[in-house]
Amino acid sequence: MSAVQISPVQTSLFDLRSPEDGLSLGPLGGMITRQVLGRGAWVDLLPGWLSGTDALLDDLLSQVPWRAEQRQMYDRVVEVPRLLSFYGEDDPLPHPELVSAREALNAHYRAELGELFTTAGLCLYRDGRDSVAWHGDTIGRGKAEDTMVAIVSLGSARTFQLRPRGGGATIQHRLGHGDLLVMGGSCQRTWEHAIPKTARPVGARISVQFRPRGVR
Ligand SMILES: O=C(O)CCC(=O)C(=O)O
């Protein structure tokens with residue numbers, strides 16, 4: 001599926017660079033704030049890591065082979081409320097700027113992660129009706145091992161929620177255009193995350209999730 005009907009995108013007020021400036025990745029070292037969640041989990045945050053990203057967003061919206069998925073819910077098959085595209089470790093990424101982002105993440109996190117981010121999962125939230133329900137990325141090694149999932153958010157701002165598995169207070173971060181959020185440590189198996197639906201009028205958001213091999 002490539003012709004995607006979406007709402008207009010409100011990009012970040014911070015994204016005021018001229019198109020000639022192109023995309024830039026800010027430095028990671030010394031700029032990231034780590035929030036320790038407990039139970040061995042943490043999240044790193046860097047608002048506005050990517051700037052000049054309007055062209056990247058437009059390119060991804062129009063060029064990525066977005067596809068709809070269905071899933072079984074009790075006795076019914078329902079549409080997954082977002083569009084998806086997955087790039088395995090041998091697949092070329094759909095945009096050179098994503099290659100640069102992955103390289104920068106690998107340069108910064110490789111020593112701590114002990115391996116490389118290799119795959120990229122892309123989600124397109126067309127408007128506020130699209131969402132992802134509470135889950136951890138536990139298909140694969142995230143079920144039993146500490147790992148990292150690095151998310152670059154593009155387009156309209158959405159709320160990213162985290163809660164401890166089994167109960168506890170929900171915390172949330174508003175992810176805007178160009179923001180970076182990295183979940184690390186035990187986060188995938190001891191915490192859950194979600195993007196809730198919203199009744200507010202929001203445009204399209206793309207989430208790019210970089211993961212190591214064998215983590216889904
Ligand atoms: O949209 C996001 O930032 C999160 C996506 C996500 O949790 C997932 O696809 O597993």
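Colour by secondary structure to begin: the protein has three helices and 15 strands (DSSP runs numbered from the N terminus, H or I of at least four residues for helices, E of at least two for strands). Bear in mind that this is a predicted model, where local features need pLDDT of at least 70, side-chain atom pairs count only at pLDDT 80 or more, and totals for chains, interfaces and linings use all residues. Residues are numbered from 1 along each chain as its sequence is written.

Now select β9, β14, β11 and β12. In that order they form an open sheet of four strands with antiparallel pairing (strands pair if DSSP finds at least two bridges between them). β9 (132-135) and β12 (171-175) are at the edges with a single partner strand each, so one side of each has no neighbour in the sheet. Ignoring direction, neighbouring strands here are turned by 15° against each other on average (axes are lines fitted to C-alpha atoms).

Zoom in on β9 and β14 (residues 191-195): two bridges join this antiparallel pair. Pick H135, and you'll find its bridge partner in β14 is H193.

Next stop, the largest nonpolar core. It has 42 residues, and L124, A150, I206 and V208 touch the most other members (a core is a set of buried Ala, Val, Leu, Ile, Met, Phe, Trp, Tyr and Cys joined through C-beta atoms within 7 Å; buried means 20 or more other C-beta atoms within 10 Å, with C-beta atoms placed from the backbone). Strand β8 (residues 117-125) gives this core its largest share, six residues.

Finally, centre on I206. Leaving out residues up to four places away in sequence, I206 touches L57, L60, L122, C123, L124, L154 and G155 (C-beta atoms within 7 Å).

Key: Axes are lines fitted to C-alpha atoms, for helices over the stretch in contact, and angles run from 0 to 180 degrees between N-to-C directions. A residue is buried if 20 or more other C-beta atoms lie within 10 Å of its own, exposed if 12 or fewer, and partly exposed in between; C-beta atoms are placed from the backbone. Two residues are in contact if their C-beta atoms, placed from the backbone, lie within 7 Å.
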